[in-house]
Amino acid sequence: MWLWALLPICLAVFGSVGIWVVFGIAVSNDTVNFTVRFPYISECGTYDPQSCIFSQVCHISSFLTLWIVVIRFQQVRDYGHNSRVNIASIILGFISCLGISLIGNFQQSVFFGIHVFGAFLAFFVGLAYFWLQVWLTYKVRPSEDCWWVGPLRAALCLICSVLVVTSLVFDTGYSSVASISEWALVMSFFVLFGLFACEFRHIDCHQLTVQKRGLSEIYNTSAGGIVLYNTANGMAMQANN
């Protein structure tokens, strides 16, 4: 169903527009002065009224990211690749979503330590998540787009890795370089999420399976079209009207 492809596109468009709106409001009310040095994203979203918009952008982005991470995990598993890498990817994705939420909830000027910790979870853990997705792109081939999605995803991850190092190295003496690297890093992340649209457009449906060991009862109704069975390896439910 191609409608699933709109989910990562919505995240990429909404997040990109949202942070630049925050930047525009911060510049218009003289909260930041980019003629002196280019501000960090968190600096633009520190003071009212743009802080409210910044928090809302982070919350909605965190929710959409969590949704995408779960769908991507299920998609990879549906194609028969239920590996430890896929499990690790969903764990890292959850942690990265938590980091995005912490960034929006704890302002830089009020809770600096928690804010920096949230940025670490969002950027560093999020980057690890996308590197795992590069590996899964070549292991799971749900579409014919992998011939260009894989190299593009790997190139963007490499760019993000360089930007992370740049933002750390130039944080003390060249803050403008570090802040510009941060903006480029976030925009690259949105592009990486948007690339999931290529895989999501091939999704038809998902089957929810609840696994529970030790069950061996089998129930089968022939008249109502309802089948409920439990095995030693799992439990499944199916209903037909």
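The legends below describe close-up views of a predicted model.

The model is predicted, so local features need pLDDT of at least 70 and side-chain atom pairs count only at pLDDT 80 or more, whereas totals for chains, interfaces and linings use all residues. Residues are numbered from 1 along each chain as its sequence is written, and side-chain values use heavy atoms, with hydrogens and water left out.

**View 1. Packing of helix α1 against helix α3.** The axes of α1 (residues 6-28) and α3 (residues 50-78) come within 10 Å and cross at roughly 165 degrees, where axes are lines fitted to C-alpha atoms over the stretch in contact and angles run from 0 to 180 degrees between N-to-C directions. α1 is therefore roughly antiparallel to α3, a term for angles over 145 degrees. Helices are DSSP runs of H or I with at least four residues, numbered from the N terminus. The crossing of α1 and α3 is left-handed, meaning that the near helix is turned anticlockwise from the far one by less than a right angle. Contact (heavy atoms within 4.5 Å) involves residues of α1 including Leu7, Phe14, Ile19 and Ile25, and residues of α3 including Ile53, Phe54, Trp67 and Ile71. By class, this contact has 16 nonpolar, five polar and no charged residues; Ala, Val, Leu, Ile, Met, Phe, Trp, Tyr, Cys and Pro count as nonpolar, Asp, Glu, Lys and Arg as charged, and the others, Gly among them, as polar.

**View 2. Packing of helix α3 against helix α5.** Helix α3 and helix α5 (residues 112-139) pack at an angle of about 25 degrees, with their axes 12 Å apart. The two helices are therefore roughly parallel to each other, the term for angles under 35 degrees, and their crossing is left-handed. Val69, Arg72 and Val76 of α3 meet Tyr129, Gln133, Leu136 and Thr137 of α5, a set that divides into four nonpolar, two polar and one charged.

View 3. About 820 Å³ of space lies in the largest pocket, where a pocket is an open set of points on a 1 Å grid over the protein atoms alone, with protein on both sides within 12 Å along at least five of seven lines. Its volume is the space filled by probe spheres set on the points, which are joined across faces, edges and corners. Of the 34 lining residues, Ser42, Ile103, Ala119, Phe123 and Glu182 lie nearest the centre of the pocket; a lining residue has an atom within 4 Å of a point. α5 gives the most to this lining, with eight residues, and by class the lining has 24 nonpolar, seven polar and three charged residues.

**View 4. The second largest cavity.** This cavity, a set of points where a 1.4 Å probe fits but cannot get out, has a volume of about 30 Å³. Thr65, Val69, Gly93, Ser96, Gly126, Tyr129, Phe130 and Phe193 line the cavity, and α5 gives the most to the lining, with three residues. The lining divides into four nonpolar, four polar and no charged residues.

View 5. Most residues other than glycine have a negative phi, and most peptide bonds are trans. Asp30, in the loop between α1 and α2, has a positive phi of about 60 degrees although it is not a glycine. The peptide bond from Asp48 to Pro49 is cis, with omega near 0 degrees, and Pro49 is placed in the loop between α2 (41-44) and α3.

Terms used
Parallel < 35°, antiparallel > 145°, perpendicular 65-115°, else oblique.
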